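Thanks for coming, everyone. Please look at the sequence and the model on the screen.

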Amino acid sequence: MRGDEVIIIVAANKVDLTDHWKVSTEEGIALATKLNAMFFETSAKDGTNVKTLFNELAKKLIGADG
């Protein structure tokens, strides 16, 4: 079991390669929900949602301290 201070993010990477997806958006969301985690579809290649992921993580970290 993990403590409340742990932040989990499920990141589906390579969303720019739609022909090669192994996990659907719905499956990613379901896993994130099960883990009480944030979910992002990202692409390191073209930058899709990378800044958003880190911005949302930073917001959670700031909120974790009070």
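First, a term. Helices (H or I, at least four residues) and strands (E, at least two) are DSSP runs, numbered from the N terminus. This is a predicted model, where local features need pLDDT of at least 70, side-chain atom pairs count only at pLDDT 80 or more, and totals for chains, interfaces and linings use all residues. Residues are numbered from 1 along each chain as its sequence is written, and side-chain values use heavy atoms, with hydrogens and water left out.

Now the strands. β1 covers residues 9–12 and β2 covers residues 38–41. They run parallel, joined by four bridges. Two strands pair if DSSP finds at least two bridges between them. Alanine 11 has phenylalanine 40 as its bridge partner. Alanine 12 stands opposite glutamate 41.

Next, the helix. α1 spans residues 25–34. With β1 and β2 it makes a right-handed β-α-β unit. Right-handed means this: with the strands pointing away from the viewer, the path from the first strand over the helix to the second runs clockwise. On β2, Met38 and Phe40 form the covered face. Phe39 and Glu41 form the uncovered one.

Now the loops. Most residues other than glycine have a negative phi. Which loop holds lysine 14? The one between β1 and α1. Lysine 14 has a positive phi of about 65 degrees. Lysine 14 is exposed, at 51% relative accessibility. Exposed means over 50% relative accessible area, buried under 20%, partly exposed in between (1.4 Å probe, protein chains only).

Asparagine 36 sits in the loop between α1 and β2. Its phi is positive, near 55 degrees. Asparagine 36 is exposed too, at 64%.
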